[in-house]
Amino acid sequence: MHHPNNSNKKRNRRRRSDSHGSASSAFSASSLSEGEGHSCPGSPPPHSKGNQHPDKNNANNANNKCRRSGGRKRRQRSRKRGKGQQTLPEESKFLALDCEMVGIGENGHTSSIARVTVVDWDGNALFDEYIQQDQPVTDYRTFVSGITPQDLEDATLSLEECRNMVLQLLQNHILVGHALKNDLKALDISHPWWLTRDTAKFEPFMKVRFDDGILWPRKLKELVSEKLHQEIQIEGKPHSPYEDALAALDLYRSVRPK
């Protein structure tokens, strides 16, 4: 027996289901549009599945073109930001170091640090001291080092004191010099490689000596003469650690990006 109330209930459920389906379709279309984050000027608005636009293909093509254009613009902005971030270190961050040695031990073959000089970007000597020797000097190497017995007789600064003072100066600074390995070894200190600019190891400043293609460091005097057209370490005159430190700094400045 067919009850009239059952038919009415089925029709009511069918109407509620149709109404719910239309609302769900509209919500989905709205969410997709918001999820894209932007709309392209001049492109048609999104439509629900229940109300398709007659130019649906044109609308999709316009939206795809907009997305591609937006992606290109974002990549270009990202590249521009990356270029802007490549800033050079401040000039005040650079210091140059040079040391002069004397000989101790038999025949003066063992090197001992006798003078240490540190200069800043502007050529100011921040540190320039003679070092007190704890062993007898057997070769002052005056013709190269410029050190005389009188210089060391008046020296009161120990190597340990010198080391601590130089370390304090170099902290968080970029160190420039020529063949810095020798100076740092004599001082018994180290410096981070990423904060070191050694003109002896800069490949454009090096040369191939033999047929093996291996690059070798060149003398500071040769580089300064060739690259800067200046003369240092003149024959018959002793070396000056201040002059050498400044020359290495000038070499670095000549190839530093502007």
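These questions and answers cover cores, contacts and backbone angles in a predicted model.

Reader: Which element gives the most to the largest nonpolar core?

Author: The largest nonpolar core has 18 residues. The top contributor, with four residues, is β1.

Reader: Which residues does Cys-99 contact, leaving aside neighbours within four places in sequence?

Author: Cys-99 is listed with those that have the most contacts inside the largest nonpolar core. With its neighbours within four places left aside, Cys-99 is in contact with Ile-113, Arg-115, Val-116, Asp-183 and Leu-187.

Reader: Is Thr-110 buried, partly exposed or exposed?

Author: Thr-110 is found in strand β2 (residues 110–120). Buried means under 20% relative accessible area, and exposed means over 50%. The relative accessible area of Thr-110 is 45%, so Thr-110 is partly exposed.

Reader: What distance separates the C-alpha atoms of Thr-110 and Thr-138?

Author: Thr-110 and Thr-138 are 28 residues apart along the chain. Their C-alpha atoms are separated by 9.4 Å.

Reader: What is the phi of Asn-107?

Author: Most residues other than glycine have a negative phi. Asn-107 is not a glycine, yet its phi is positive. Asn-107 is found in the loop between β1 and β2. Its phi is about 60 degrees.

Reader: Where does His-229 lie, and what is its relative accessible area?

Author: His-229 also has a positive phi, of about 55 degrees, although it is not a glycine. His-229 lies in the loop between α7 (220–228) and α8 (241–255). His-229 is exposed, with a relative accessible area of 68%.

Terms used: Residues are numbered from 1 along each chain as its sequence is written. This is a predicted model: local features need pLDDT of at least 70, side-chain atom pairs count only at pLDDT 80 or more; totals for chains, interfaces and linings use all residues. Side-chain values use heavy atoms; hydrogens and water are left out. Helices (H or I, at least four residues) and strands (E, at least two) are DSSP runs, numbered from the N terminus. Buried means under 20% relative accessible area, exposed over 50%, partly exposed in between (1.4 Å probe, protein chains only). A nonpolar core is a set of buried Ala, Val, Leu, Ile, Met, Phe, Trp, Tyr and Cys residues joined through side-chain atoms within 4.5 Å. Contact means heavy atoms within 4.5 Å.
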